[in-house]
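Please open the model in your viewer and keep the sequence panel beside it.

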Amino acid sequence: MKVTIDSEQVRRTFSAYPAQSVRVLHRLIESSAIDVQRKMREEAPVGATGDLRRSVKYRMDRTNLGAQIWPDISYAPYVESGTRPHWTSIKEGTSLRKWAKHKGFDEAGMRNLQLSIASKGTKSNPFVKPTFDTMKPRVERDIISGFGRFIERVNQGNI
């Protein structure tokens, strides 16, 4: 998700108050990143452990005035996009076994699940892209209006 503000007033404000402008934008971006992180955690499917939901992190990029928000767990792409047919383990300690136990599968049910994944793969359960799609208008609005308030304070001499 990328937000662009194009205005002569913004350029003049950055020229006159570069350090303050960067600080204001940094705060606005971080606040939006936290909002996106919260929404992505709400949208993430909850399995047996809740690890996927808890794994959603954000990191600020101070050099480029941006933020990254992502699920930081190895199987997140497979949940988001689904998988093609493949063989997966149901050994003790594996994510699939934890999930299957949580859902009430017995050993025979786990083997059937394993065979189903081997023949059909898994369905996608997207939550990352839908979160970005949902949140983009809000992030744009919040950053633009927040920086607009800063410009108003500059114009009123309150900086």
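A nonpolar core, as the term is used here, is a set of buried Ala, Val, Leu, Ile, Met, Phe, Trp, Tyr and Cys residues joined through side-chain atoms within 4.5 Å. The structure on display is a predicted model.

**First stop: the main core.** Select Leu28, Met40, Leu52, Ile69, Phe127, Ile143 and Phe147, which have the most contacts inside the largest nonpolar core, a set of 24 residues. Two or more residues of this core come from each of α2, β1 (56–61), α4 (76–81) and α7. Helix α7 gives the most, with eight residues. Now centre the view on Leu28: leaving out residues up to four places away in sequence, Leu28 touches Asp142, Ile143, Gly146 and Phe147.

**Second stop: helices α2 and α7.** How do their axes cross? They come within 9 Å of each other, at an angle of roughly 155 degrees. Because angles over 145 degrees count as roughly antiparallel, α2 is described as roughly antiparallel to α7. The crossing of α2 and α7 is right-handed. Sorted by class, the residues of the contact between α2 and α7 comprise 13 nonpolar, six polar and six charged.

To show the contact, select Thr13, Phe14, Ser15 and Ala16 on the α1 side, together with Pro18, Ser21, Val22 and Leu25 on the α2 side. The contact of α1 with α2 has five nonpolar and three polar residues, and no charged ones.

Select Gln114, which is placed in helix α6 (residues 107–120). Is the residue buried or exposed? Gln114 counts as buried, because its relative accessibility is 9% and the limit for burial is under 20%. Beyond its neighbours within four places in sequence, Gln114 is in contact with Trp87, Thr88, Ser89 and Ile90.

Move to the loop between β1 and β2 (66–71), where Leu65 lies. Although Leu65 is not a glycine, it has a positive phi of about 45 degrees. At 25% relative accessibility, Leu65 counts as partly exposed.

Notes
Residues numbered from 1 in each chain as written. Predicted model: local features only at pLDDT ≥ 70, side-chain atom pairs only at ≥ 80, totals over all residues. Heavy atoms only, no water. Axes fitted to C-alpha atoms, helices over the stretch in contact; angles between N-to-C directions. Helix = DSSP H or I, 4+ residues; strand = E, 2+ residues; numbered from the N terminus. Parallel < 35°, antiparallel > 145°, perpendicular 65-115°, else oblique. Left-handed = near helix turned anticlockwise from the far one by under 90°. Nonpolar A, V, L, I, M, F, W, Y, C, P; charged D, E, K, R; others polar. Buried < 20%, exposed > 50% of the residue type's maximum accessible area, 1.4 Å probe, protein only. Contact = heavy atoms within 4.5 Å.
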